[in-house]
Amino acid sequence: MLVGRLTYRLLTVYSTPQLAPPPGTAPFAAMTQSPLTLAMLMLTIGYYLMYTAGVLFKTKSPQATGG
């Protein structure tokens, strides 16, 4: 969904000349203006941070030896 949203925003911004950023400005500045895109980005980052934390937690927990 995030890649689709970013693609959609790029197409809408650059397909309409009056919405394109002026020369010399940050090309992705318009991307940060959309709350939906920012929310999806933060959701994706949060997911991967929690996933990594879970994997690290599972690997550090002592495992019972079957013997």
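L38 has its place in helix α2, where helices (H or I, at least four residues) and strands (E, at least two) are DSSP runs numbered from the N terminus. This is a predicted model, in which local features need pLDDT of at least 70 and side-chain atom pairs count only at pLDDT 80 or more, while totals for chains, interfaces and linings use all residues. Residues are numbered from 1 along each chain as its sequence is written, and side-chain values use heavy atoms, with hydrogens and water left out.

Let us start with the whole chain. Its secondary structure comes to 2 helices and 0 strands. Of its 67 residues, 13% count as buried; buried means under 20% relative accessible area, exposed over 50%, and partly exposed in between (1.4 Å probe, protein chains only). The chain exposes about 5700 Å², and carbon and sulfur atoms supply 72% of that area. Accessible areas come from the Shrake-Rupley method with a 1.4 Å probe, and for residues only the protein chains shown count as cover.

Now to helix α1, residues 2–15. Its 14 residues reach 20 Å from the first C-alpha to the last, close to the 20 Å expected at 1.5 Å a residue; the expected span is 1.5 Å times one less than the number of residues. The buried residues of α1 are L2, R5, R9 and V13. They cover an arc of only 65 degrees around the axis, so they sit on the same side of α1; the arc is that of the directions from the helix axis to the C-beta atoms. An α-helix has 3.6 residues a turn, so residues three or four places apart point the same way. The buried residues of α1 pack against α2, with contact meaning heavy atoms within 4.5 Å. On the other side of α1, V3, L11 and S15 are exposed.

Two pairs are worth a look in the viewer:

| Pair | Apart in sequence | C-alpha to C-alpha |
|---|---|---|
| V3 and M40 | 37 residues | 9.6 Å |
| L38 and L2 | 36 residues | 9.5 Å |

Finally, helix α2 spans residues 35–60 and holds M42. L38, L41, M42, I45 and L49 form a nonpolar patch on the surface, with about 450 Å² of accessible area together. Patches are made of residues with over 30% relative accessible area and no salt bridge, with like charges joined within 9 Å and nonpolar side chains (Val, Leu, Ile, Met, Phe, Trp, Tyr) within 5 Å. A salt bridge is a side-chain nitrogen of Lys or Arg within 4 Å of a carboxyl oxygen of Asp or Glu.
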